[in-house]
Amino acid sequence: MPELPEVEVIRQFLDKNLINKTIADLTILNPKSFVGNTDQVIGQKIVSFSRLGKQLSFNLSNDLILLFHLKMTGQLVIIKKTKTVLGHPTPKTNELSLPHKATRLILTFSEDTNLYFNDQRKFGWVKLLKPEELKDFQKTLGLDIFDSNFTSKYFYSQLQKSGRGIKLVLLDQNKFAGIGNIYANDALFLSQIHPQTPANCVTKTQAKNLHSYLISLMTESIKHGGSTAKDNKYIHPDGSFGQHQYYFRVYQKEGEPCSVCTTPIKRLKISGRSAFFCPSCQIKSNCL
Ligand SMILES: [Zn+2]
C-alpha cells in the first residue's frame, strides 16, 4: 500500500506536471470509486496538490477538493494522448496501455493529457468535497508525520495512552497519519523495539529514537522515489518504479541475515499484517 512517502512522491510529480491545467473531462468507469458530481469538476483548474497522511487532495479553482485515497493498489498515471508516457519510460511502462481493466476513472486535461486512476483491488476512492467537508472528513486522522507539531514529546505522550502492541499503534491512522507496514517495520528494527511491545512500555528514549527514525526513513524514501514492493503495484505517474525497496532494513526480508547481527529475520502475523524483525536485536519487553 502506498504510504506517506509514496503519496508524497506522487504529489510532487503531479505538482510539476498538472498545476494550472484545466480538467476538460472526467470519465467514471467504476461508479463506486467516485463520490460527487462530475459537473463540479469539469472545467475547473487544479490550483494545488496537498497531502495529509496517505490522502491526496487536488485543490480546484472552484474551491472544491478532489480527495484521493489509493488504499492497497491505487495508481495515478499520466499519459499523453499520443500514448507517450511522460518522463523516462522503463521497460515496464512500455507495456502500459491505458485505460485497462483496472482503470476506474480518467481525468482528461485540455492540453492533450490524461490522468488515469487505476485500482485493481477497488479499495481506493475519490471524493469531491467542500473545504468544510474535507475538514470534517479528516478530523479523526492523527498528526501527519511531517507536521511540525509531531514532536518526539507528542509522540511519546500518544504511545503512553495505549497498551496495544507498538506496531499496531504506529499503523493506526487515527493516532499518526501516514505510517504503513514498510516504515513501521523498518523504524522498529532501527530502534531495536520488538513489534509486539505494548506502546505504553516504550521508554522515553526509545520513543525519541523511533520518532527520529520514522522521520529519517520517510525522508530517505521520498528521495528514493518511494518503495515499489514485491507486488510492483506502486508506480510513479510516469510509470517508473520507486527505488527505496533496495534500502529496506527488514521489510520483506524474512530468512535473510540481520544487517547488525546476522540472525535470520523473522516474520510474524499481527492482526493480519506481516511484522518483520530480528529476534536478537528486537527483544520483546513487557514493562507490566
Ligand atoms: Zn539482529
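The expected span of a helix is taken as 1.5 Å times one less than its number of residues. In the predicted model described here, helix α7 covers residues 204-223, and its 20 residues reach 29 Å from the first C-alpha to the last, close to the 28 Å expected at 1.5 Å a residue. The buried residues of α7 are Ala207, Leu210, His211, Leu214, Leu217, Met218, Ser221 and Ile222. Seen down the axis of α7, these buried residues fall within an arc of 140°, so they line one face of the helix. An α-helix has 3.6 residues a turn, so residues three or four places apart point the same way. The partners against which the buried residues of α7 pack are α1 (4-18), α4 (152-159) and α6 (181-190). On the face of α7 turned away from its buried side, the exposed residues are Thr205 and Ser216.

Lys223 also belongs to helix α7. Lys223 has 13 other C-beta atoms within 10 Å, and a residue counts as exposed at 12 or fewer and as buried at 20 or more; Lys223 is therefore partly exposed. In sequence, Lys223 and His244 are 21 residues apart, while in space their C-alpha atoms are 8.4 Å apart. Helix α7 is followed by Gly225, which has a positive phi, near 80°.

The protein as a whole has seven helices and 13 strands. Its radius of gyration is 20 Å, close to the 19 Å that the globule rule gives for 288 residues, so the protein is as compact as a globular protein of that length. The C-alpha trace spans about 60 × 45 × 30 Å along the principal axes of the protein. Buried residues make up 41% of the 288 residues. Of the contacts between residues at least 6 apart in sequence, 65% join residues at least 24 apart.

The domain assignment divides the protein into domain 1 (4-137) and domain 2 (143-277). The C-alpha centres of domain 1 and domain 2 lie 27 Å apart, and 25 residues of domain 1 are in contact with 22 residues of domain 2. On the side of domain 1 that touches domain 2, the elements giving two or more residues are α1, β6 (74-80) and α2 (91-94). Helix α1 gives the most to this side, with eight residues. By class, the side of domain 1 that touches domain 2 has 14 nonpolar, seven polar and four charged residues. Helix α1 is also one of the elements against which the buried residues of α7 pack.

Several backbone features lie in loops. Leu98 and Pro99 are joined by a cis peptide bond, with omega about 0°; Pro99 is placed in the loop between α2 and β7 (103-109). Lys71 is a residue other than glycine with a positive phi, near 50°, and is found in the loop between β5 (65-69) and β6. With 15 other C-beta atoms within 10 Å, Lys71 is partly exposed. Gln252, likewise not a glycine, has a positive phi of about 60°. Gln252 is found in the loop between α7 and β12 (266-270), where 18 other C-beta atoms lie within 10 Å of its own, so Gln252 is partly exposed.

Terms used:
Residues are numbered from 1 along each chain as its sequence is written. This is a predicted model: local features need pLDDT of at least 70, side-chain atom pairs count only at pLDDT 80 or more; totals for chains, interfaces and linings use all residues. Helices (H or I, at least four residues) and strands (E, at least two) are DSSP runs, numbered from the N terminus. The arc is that of the directions from the helix axis to the C-beta atoms. Two residues are in contact if their C-beta atoms, placed from the backbone, lie within 7 Å. The radius of gyration is taken over C-alpha atoms; the globule rule is 2.2 Å times the number of residues to the power 0.38. Domain bounds come from an automatic or database domain assignment. Ala, Val, Leu, Ile, Met, Phe, Trp, Tyr, Cys and Pro count as nonpolar, Asp, Glu, Lys and Arg as charged, and the others, Gly among them, as polar.
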